[in-house]
Amino acid sequence: MIKVKNQKAIRNLADKSFRANKSRNLIAIMAIALTTVLFTTLFTMGMGTVESIQQATMRQAGSSGHAVLKYITDQEFEDVKEHPLIKEIAYNRMLSDDVENEEFLKRRAEFWYYDDVGLKFGFCEPTSGHKPVAENEVIADTKTLQLMGVPLEVGAPLTLTLNIRGEEIQRDFVLAGWWESDPVFNIGLIFASRSYLDIHLDELQNTYKQDNSLTGVIKAYIMFGNSMDLEGKLTKVITDRGYSIDENAPNYLEHNVNWSYLSTNFGMDAGTLIALLCGLLLIVFTGYLIIYNIFQISVMKDIRFYGLLKTIGTTGTQIRRIIRRQALILSAIGIPIGLIAGFFTGKSLVPLIMNNSTYAVSAVSVSPSPLIFIGSALFALVTVLISTFKPGRIAAAVSPVEAVRYTDGNTKQNSKLKKSTAGGKMPRMALANLGRNKRRTVLVVISLSLSLVLLNTVFTLSQSIDMDKFLSKFVDTDFLIAHADYFQNDFIGPENQTSESMIQVVEAQPGFEEGGRLYGGREELFASEDEKNTTQGYNINSYGDFMAAVYGLEDLPLHRLELIDGVLDFAKLATGKYIMEGVKLDDNGVPEMDSIHFAVGETVTLHNYKGTSETFAGREYTTKEFIVLGHVAVKQYSNSDRCGWDYNFYLPADIYKTMVMQPAIMSYAFNVADDQEAAMERFLQSYTDSMEPVMNYTSKFTSLKEFSSLQLTVVMIGGALSFIIGLIGILNFVNAILTSILTRRQEFAMLQSIGMTRKQLRRMLMFEGFYYTLATCVLALVFGTVFSLLIVKSFCGLLWFVSYHFILWPLLIVLPFLLVLGVMIPLVSYAMTDKQSIVERLREAE
Amino acid sequence: MTILETTNLKKYYGSGDTTVKALDGVDFTVENGEFVAIVGTSGSGKSTLLHMLGGLDRPSSGTVSVDGKQIFLLKDEELTIFRRRKIGFVFQNYNLVPVLNVYENIVLPIQLDGNEPDTEYLNQIIKTLGLESKVHNLPNNLSGGQQQRVAIARALAAKPAIILADEPTGNLDSKTSQDVLGLLKVTSEKFSQTIVMITHNEEIAQLADRIIRLEDGKIVGGEGQ
């Protein structure tokens with residue numbers, strides 16, 4: 001092929017004909033922008049959620065490093081730090097075994113030296129003041145300072161009681177800086193300076209391997225080049241430097257990968273991937289439907305122009321280039337608009353997702369990652385190019401002679417004959433008009449139906465979220481009060497038990513009906529003999545028995561136990577010879593029967609450490625036998641300590657109390673008269689805010705609130721997407737109607753000249769629009785039903801809190817609006833084009 | 001009986017110096033059953049005149065009476081209805097509705113009026129125009145001559161007071177033109193239909209009963225009667 005310098009001519013042609021198509025350009029830009037909005041929203045939502053979850057887990061883990069080497073010495077640190085795989089490494093050295101100030105009884109604090117990298121990885125760079133420099137300077141988080149009563153000002157004095165290898169040493173420091181405590185990280189941190197470390201080097205020798213003392217040990221957080229195969233890289237770093245990953249080897253280095261990075265796998269599991277892929281395909285398809293239609297129509301309109309170009313010697317390739325260039329110009333305008341709008345849409349939706357995840361307390365972070373924009377822009381561009389490919393080919397393939405006769409409608413007539421005689425009736429004629437370009441009609445109808453089906457799906461999902469299922473998982477009685485730690489899955493025993501004072505106050509409230517305490521806790525842990533269990537390799541005590549959670553229930557919770565098999569005989573239980581074994585439920589509320597350890601009637605031997613000694617070893621190991629009377633459901637959120645033990649047993653409170661030294665009230669469940677529920681809710685709210693802030697509660701009310709916010713999330717996100725897709729559908733419809741009216745102006749003039757009144761013409765157009773929407777209704781109803789029954793139903797089966805309900809009302813509600821729109825749009829479009837006189841329009845053709 | 005009468009018909013476009021006098025005082029009458037040809041070069045105003053006669057456009061001044069009715073006293077919608085009852089059009093480019101078959105195109109003006117077509121009369125027209133085998137065809141499967149015959153049939157179908165033909169053979173070759181014109185003349189005689197045809201072709205004009213010559217918006221020859 002001869003290379004010719006024709007770029008300029010082609011560009012000129014493309015730009016000129018681009019400018020001549022103002023209304024098409026406007027609609028095309030809107031379509032491209034909306035498509036990009038969809039892509040960007042999807043990407044932002046996806047990335048934002050993963051990012052927020054990762055951030056939250058990192059903060060819980062206390063570091064953003066990929067991996068950590070624990071309890072190592074200076075020598076070991078020096079050995080590994082230059083390894084080529086390591087991008088950054090933090091030097092964090094523990095300066096005491098513990099901080100013994102009594103302010104830290106409830107919330108532990110640790111005394112460290114962190115280097116700059118460590119501060120960065122640990123999210124604890126001081127936000128006020130400066131990093132510690134002098135030997136007596138420290139920085140700390142605000143909550144720690146608050147507990148100590150230290151004012152937030154540089155230079156404020158504070159005293160730490162340090163436990164160094166069992167020895168208590170008091171040292172005075174001054175405050176150099178501080179940062180805001182992270183609510184998800186529940187340990188206080190105090191950092192000293194490098195000079196402190198250097199001066200006290202003697203007492204900081206690492207003796208961890210000899211006496212498990214933490215003073216002076218180094219935790220080295222490592223950042224690799226990327227987060228792929230962290231386990232492998234960590235192993236390589238350790239073994240390359242002559243250390244071992246074998247726990248029993250003398251040169252073993254304790255290590256682990258940061259679990260927040262393990263959870264990045266969350267972002268890439270099969271389900272998420274498929275969902276993402278489906279989302280992308282749906283958007284590409286939506287975009288294709290409209291952009292293809294716009295270009296198809298525009299090419300048809302200009303087909304004579306392309307024929308003319310062909311006649312004077314433009315090649316097909318050049319014509320295709322003209323069309324591609326126009327598509328690119330439109331993309332250059334539409335895509336950036338869409339990127340910006342989409343990012344903000346996505347960003348505003350991420351908190352909704354996060355609120356319903358287990359990371360609700362965490363701050364939401366969505367950074368405008370270039371990946372989002374590049375990805376969305378790329379996808380949008382690909383969609384545009386795919387969509388313009390076929391129209392470009394049509395324009396390129398047009399024969400110069402035919403182009404002159406090529407008008408909308410007589411493109412390809414498959415049927416030569418049409419056996420009817422009543423075609424002149426308006427409804428019939430309108431129908432025939434839609435058949436002129438079947439492909440366009442079908443695309444518009446699909447485009448409109450798509451959003452309707454999506455809308456219906458969204459509402460089906462949100463309506464199928466089963467309130468009873470949801471509530472029964474989280475609440476058993478109207479209210480449950482307990483120490484705040486309990487709700488953080490951190491109930492231990494007497495130290496954070498439910499306060500008797502709060503129980504008294506609650507019982508005195510109006511409307512209080514009945515309540516009961518639940519006892520438990522791991523402070524006085526139980527153990528169960530079980531010779532049959534040979535597979536479980538953890539939670540075994542030194543006697544070879546399995547750790548077990550035993551709960552003592554007062555009447556209300558005891559009577560509310562859900563029996564699975566056996567009998568629930570309260571009189572027998574009260575004798576102290578019988579026990580109920582708890583069985584865990586899966587997400588769908590089905591008992592996991594294979595987790596049962598003892599059959600009904602079998603004898604179970606329970607031990608516990610009875611005594612007051614600090615260590616378990618110093619206590620008496622008691623033994624007591626029970627006969628398993630039956631199995632009951634362990635309800636994670638109402639009758640367990642939320643830790644998920646392998647062995648669970650339930651006893652009446654009176655029996656339980658005889659078995660432990662210090663019975664700890666895990667929680668208190670109670671019911672309230674229906675008309676007093678709201679008042680009780682308000683009371684508990686203010687009581688836990690002001691009177692006993694360490695106590696907390698859950699209720700049907702709070703669960704209901706969570707329930708409706710879950711529902712809202714589904715509706716908001718799905719609604720936003722179906723709104724945009726709906727907008728695209730309507731845009732497509734407007735474009736199709738508008739161009740069909742414009743291209744038929746001359747035909748309308750002719751019809752008017754042979755006696756069609758304006759009223760009749762309007763009626764015909766109304767029917768055309770009506771048929772579009774009618775077809776959309778039928779398609780949406782049929783497809784919506786099929787989709788709902790086949791796909792949504794099986795999807796609902798995957799989610800425990802959803803029980804599928806077939807609904808069509810969202811569709812039925814929208815349909816009348818669509819019908820009105822379908823009739824109005826042609827009328828408005830016609831009114832806009834009906835400005836020229838018949839004669840002018842007739843002449844146009846000549 | 002006079003079926004069509006114009007008095008001092010004027011149509012000016014623009015104003016002041018740039019005024020174009022498309023029609024500048026045209027007076028003529030057409031008798032019932034007559035076949036009149038209006039000839040003139042391009043720009044002589046003949047198309048404008050035809051549009052005025054058909055009520056497609058309104059004149060600057062003057063009147064047009066069809067079947068004794070002054071058409072410009074009617075409102076737009078009334079005029080349209082009047083048109084489909086009293087006037088049949090035959091256009092140069094046929095102007096058939098592409099989505100309707102031949103039969104539907106022919107009866108369209110009748111159906112627009114909400115009437116049932118007179119089947120016997122229609123069959124007669126279709127037969128005369130030789131379209132029997134084509135009634136179920138769609139327009140774009142017909143040749144130009146066939147399409148124009150359909151257009152003539154459509155114009156005749158509603159039994160209008162007058163048929164206005166605008167260069168009916170303009171897009172046809174000479175052989176086909178002869179055929180179509182022959183049919184036009186035959187049908188006009190057979191159904192005693194008044195026809196006003198505009199053309200720039202003298203030869204074709206010769207087929208008419210009477211020729212009116214138009215130049216610069218004025219009648220310059222022929223018998224204005």
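In which helix of chain A does A:Val782 lie? A:Val782 belongs to helix 26, residues 758-796, in a predicted model in which local features need pLDDT of at least 70, side-chain atom pairs count only at pLDDT 80 or more, and totals for chains, interfaces and linings use all residues. Residues are numbered from 1 along each chain as its sequence is written, chains are lettered from A and ligands numbered from 1 in the order in which they are written, and side-chain values use heavy atoms, with hydrogens and water left out. Helices (H or I, at least four residues) and strands (E, at least two) are DSSP runs numbered from the N terminus.

Together with A:Leu774, A:Val778, A:Val786, A:Leu790 and A:Ile791, A:Val782 makes a nonpolar surface patch of about 520 Å². Patches consist of residues with over 30% relative accessible area and no salt bridge, like charges being joined within 9 Å and nonpolar side chains (Val, Leu, Ile, Met, Phe, Trp, Tyr) within 5 Å; accessible areas come from the Shrake-Rupley method with a 1.4 Å probe, and for residues only the protein chains shown count as cover.

Helix 26 of chain A also carries A:Glu768, whose side chain meets that of A:Arg744 in a salt bridge (2.7 Å, N to O), a salt bridge being a side-chain nitrogen of Lys or Arg within 4 Å of a carboxyl oxygen of Asp or Glu. A:Arg744 is placed in the loop between helix 24 (700-743) and helix 25 (745-753), 24 residues from A:Glu768, and both residues are buried, where buried means under 20% relative accessible area, exposed over 50% and partly exposed in between (1.4 Å probe, protein chains only). Over all chains, the structure holds 26 salt bridges.

In chain B, B:Arg85 and B:Asp113 form a salt bridge whose closest N and O atoms are 2.8 Å apart. B:Arg85 lies in helix 2 and B:Asp113 in the loop between helix 3 (102-112) and helix 4 (119-128), so the pair ties together parts that are 28 residues apart in sequence. B:Arg85 is partly exposed at a relative accessible area of 46%, whereas B:Asp113, at 16%, counts as buried.

Elsewhere in chain A, A:Pro510 occupies the loop between helix 19 (500-507) and strand 13 and is exposed, its relative accessible area being 53%. Although 166 residues separate A:Pro510 from A:Gln676 in sequence, their C-alpha atoms are 7.2 Å apart in space. Strand 13 (residues 512-519) contains A:Glu514, which counts as partly exposed at 39% relative accessibility.
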